[in-house]
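Welcome! Take a moment to look over the structure below, and then we will walk through it together.

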Amino acid sequence: MSKKVVKKTIRKVINNIFKKKVVKAKAKTRLIVANWKMNPVTLKEGLKTFAILKRIDLKKIKDTIVICPPDIYLADFSLKYKGSKFKFGAQDVSVTNNPESTGEISAEQLKNLKVEYVIIGHSERRALGESNSVVAKKIRNAVEKGLKVILCIGEETRDINGDYLRFIEKQLLEILDGFNKKYISNLYIAYEPVWAIGRGHGAVESHDLHQMNLFIKKVLVGIFDRKIGLSVPIIYGGSVDEENAKQLIDSGEVEGLLIGRASLNPSVFVNILKLI
Ligand code: PGA
């Protein structure tokens, strides 16, 4: 099947799903998240990277910038630089509040370290066996303790029948079923197609991102209601770099970015902030 036919089929599936027009969420401050994953190897290097970021003039940059270093370094940033232009986030949180949990870090402990955000359900954690129900429990614990949650969702592959849309819908329904609306302002959705993360395929096309953005909004409206569903910011992650960041934000109409590799190089990261 030609690329053109594939695109037409997918568009048809999306059009069938949309029964009424979905309006764009009100523009807010964008959220730019640096996911350092298991980098760097030493705290010293991490602090050096941050020192470079700190020197840049951020006055003109209105976006909220969240740095997510490995947990083992987190306190060295979150306590020392609280109240700065930068916010700090964890890359995961425990599913339990039970203190008899060797090796775990609770939402309350993060909060006490002045950590404000947490990434939950990243595909690299799901690859280790994290299910939608575990992700849902983690989110509940985190928001109840006052953390802002960046919930990662995303399909592993794209198919011409649009099954990936059902996959995204299922993730959202299973994870957000029972989510208490009173915590809605603590919730961000990061659309991160698994195939676009890391080296290899490259980022999603911006018009495909725009379609997915609308689709996610539509599902959220179905789960909550129109007003609440449209209030949840949707950001994008997966191979964001200096070349594509502006296009993804402008044409994809997302409200922020979750950046992996490109956030490890401070000059590249700063350049992305300036470009968008
Ligand atoms: P990448 O990672 O930017 O290196 O693709 C993104 C992510 O995994 O959050």
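This is a predicted model: local features need pLDDT of at least 70, side-chain atom pairs count only at pLDDT 80 or more; totals for chains, interfaces and linings use all residues.

Residues are numbered from 1 along each chain as its sequence is written, and side-chain values use heavy atoms, with hydrogens and water left out.

**The ligand site**

Which residues surround the ligand? They are Asn35, Lys37, His122, Glu192, Ala196, Ile197, Gly198, Gly238, Ser239, Leu258, Gly260 and Arg261; a residue counts as near if one of its heavy atoms lies within 4 Å. By class, this shell holds three nonpolar, six polar and three charged residues. Here Ala, Val, Leu, Ile, Met, Phe, Trp, Tyr, Cys and Pro count as nonpolar, Asp, Glu, Lys and Arg as charged, and the others, Gly among them, as polar.

| Residue | Polar atom from | Distance to a ligand oxygen |
|---|---|---|
| Glu192 | side chain | 2.8 Å |
| Ser239 | backbone | 2.8 Å |
| Gly260 | backbone | 2.9 Å |

Taken alone, the ligand exposes 280 Å², and the protein buries 99% of that (Shrake-Rupley method, 1.4 Å probe).

**Two helix pairs**

Two packed helices are described by the angle between their axes and the distance between the axes. Helices are DSSP runs of H or I with at least four residues, and strands are runs of E with at least two. Axes are lines fitted to C-alpha atoms, and angles run from 0 to 180 degrees.

Helix α6 (residues 132-144) packs against helix α7 (residues 163-176) at about 50°, with the axes 8 Å apart.

Helix α2 (residues 43-55) meets helix α3 (residues 71-78) at about 45°, and their axes are 10 Å apart. These two are therefore oblique to each other as well.

Most residues other than glycine have a negative phi, and most peptide bonds are trans. Lys37, in the loop between β1 and α2, has a positive phi of about 50°. Pro40 has its place in the loop between β1 (31-35) and α2, and a cis peptide bond joins Asn39 to Pro40, with omega about -10°.

Terms used. A polar contact is a pair of N or O atoms within 3.5 Å; within protein, one must be able to donate a hydrogen and the other to accept it, and residues adjacent in sequence count only if both atoms are side-chain atoms. Angles under 35 degrees count as roughly parallel, over 145 as roughly antiparallel, 65 to 115 as roughly perpendicular and the rest as oblique.
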